[in-house]
Each structure stands twice: as structure tokens, then as C-alpha cells.
Amino acid sequence: MGAQKLPAAPVADLCDANASLILTGELRILEPVFQEYGQCISFSGQVVTMRVLEHNVGESELLETPGEGRVLVLDGRGSKRCAIMGGNLAEQACRNGWAGAVVNGCIRDVADINTFPIGVRALASHPRHPGTDGVPELHVDVEFAGAVIRDGEWLYADTDGIIVCSKEIYGFPEGGRQKTRTHARGIVLLEDEHRRVEAWKVIHRRAEPTSTLMSVAIGIMMVSLWIAVFIFRPDWLDLGLIVVCMLASLVGIFLLLKTEQVEQKRKRLGAKCQVVSDEV
């Protein structure tokens, strides 16, 4: 079973689209200390955490379970005295449907790992085999590269970096990517901006039927005038009064629609984001 090769969106877009989660700490960015290995430079999935120290006890048993697109976060406590993952374990993860692995430590068999359709991040490569004695800690909170990573969270990795979030996140809608803008008080929360943009689109669509409504009103009046003239046959005085009333009604409808149109334009202007400084 192949691994998930691409995240829902580029990591940079995910950060831009979920800027508020960065401010609250729900979305965390790992420090850029990792090397890229494997054929999948981009991968994502739900996190399974494990902590070891210079051994690989328990890794094979975990990776033999169905990966279902998950990501192994292997905390080797930053040790660079030996590798804690090699080609056999990477191949096993790939075969069982794991999306990738992030290793706070070293790996080996890099040439083999680079032939597998899986994404791997590690601090470095090391030729030494890990120990075979030790007790692994599974499904525990780990902390490295300046971030806490919890079992069950979501991890996204590509060439721009690695992020983790407490929930699954998404980027901008298709064709809707926006650049990050700064505000006098900090970062504009772009998901709020997108809600305002969507509201602007709705208002804009509602403004389109204005000319149609005007045409319908004129059509109804013309039909009414035709009925009055050819069926009821009023005298010229009555006919004049009818025409004057229809014109007055038409003017009233026109003014009402124009007032509504002006109000809609005002709302559209209010829905736009106020940009205080240049785009990043």
C-alpha cells in the first residue's frame, strides 16, 4: 500500500490560511533542523508518537500495523551517536501505508530510503546500528525542534518546513490564495478575510438582479396600461391619470432599487479588508 504523497495544501499556504491558530499555539512550526529523505518531499497525516534512546525496540511492531496515511514521529532525544531508523524500517512503513516519519535523531541506509515512495525527515544520517535493548514510550507527548507534538495531532511537511496542528487544517479555496498582510496591531487573520471576501461575493451576486427587477416592473406596467386602454376603454382624462400613476410608481420603484444598490455598494466596501501596510 502506497503512502500519501501530497498534503492537502503547501505548508506555506496552510500557515497563511490558519494564522490565528499560530497565535493561539494550536498550530506550531518546527525549527528548520531536519534533512529530507525519501521520494516524497511532501507528506502529511495524523501523528503517532514514540520515544526511544539509541535503540529501535518496538519500531518494527508499530510499523507493521496498518499506517492508514499516518506519520510516525520518532523522538530519539536528538542523539547523534547512532541511527534509530534504517532502510528495513522505512520499507516496512512504506509497505504498510505510512505517509512518512519525522525522526529527532539519525537514520541510515539513506540510498535505500531515497528509493522508497515515502517522506522522511531526520537530523542527519549515521552509519552505526541502534541498540536492541530499551523500553519504547508509545503515544506520549514529545518535544523537540521548538515544538510540542502530541499523539493524534496532524503533521504537514514539505520543502518549506514542518508544522503540527491540534486538528486537521486546510489551505485557501482553489484559486483563492492570498498573500499575508500585516496590520497595525499585527497579522490580519486571513480566514476572517476570506469570510469577508465570500460575503462580498454574495452581496455582489444579490446586486445583479436589480436591472432584471426594473425590467419586470416596466413590463408589468406596460401590460396593465394595455389592458386599461383596450379593455376598459377609459376617456382621455382617466387615461392620463392612469399614465401619471404608473410613471410615479415606476419612479418610486427606481428610487427604491437605487437606494438598495447604494446600500449594497456600501456593504461591499465595508467587507473589504483594510490593508495598512504593503503585502509581504
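## Setting the scale

Here, buried means under 20% relative accessible area, exposed means over 50%, and partly exposed is anything in between. Keep in mind that this is a predicted model.

Start with arginine 77, which sits in the loop between β4 and β5. Its phi is near 60 degrees, a positive value in a residue other than glycine. How exposed is arginine 77? Its relative accessible area is 47%, so it counts as partly exposed.

Alanine 145 also has a positive phi without being a glycine, with a value near 55 degrees. You'll find alanine 145 in the loop between β9 (142–144) and β10 (147–149). With a relative accessible area of 12%, alanine 145 is buried.

## The largest nonpolar core

Now for the packing. The largest nonpolar core has 23 residues, and the ones touching the most other members are Leu63, Leu72, Leu74, Met85, Trp98, Val103 and Ile107. Two or more residues each come from β3 (43–51), α3 (59–63), β4 (71–75), β5 (83–85), α4 (87–95), β6 (100–107) and β7 (119–125). Which element gives the most to this core? That's α4, with 4 residues.

Skipping neighbours within four places in sequence, leucine 74 is in contact with Met50, Val52, Glu59, Ile84, Val102, Val103 and Asn104.

Terms used: Residues are numbered from 1 along each chain as its sequence is written. This is a predicted model: local features need pLDDT of at least 70, side-chain atom pairs count only at pLDDT 80 or more; totals for chains, interfaces and linings use all residues. Side-chain values use heavy atoms; hydrogens and water are left out. A nonpolar core is a set of buried Ala, Val, Leu, Ile, Met, Phe, Trp, Tyr and Cys residues joined through side-chain atoms within 4.5 Å. Buried means under 20% relative accessible area, exposed over 50%, partly exposed in between (1.4 Å probe, protein chains only). Contact means heavy atoms within 4.5 Å.
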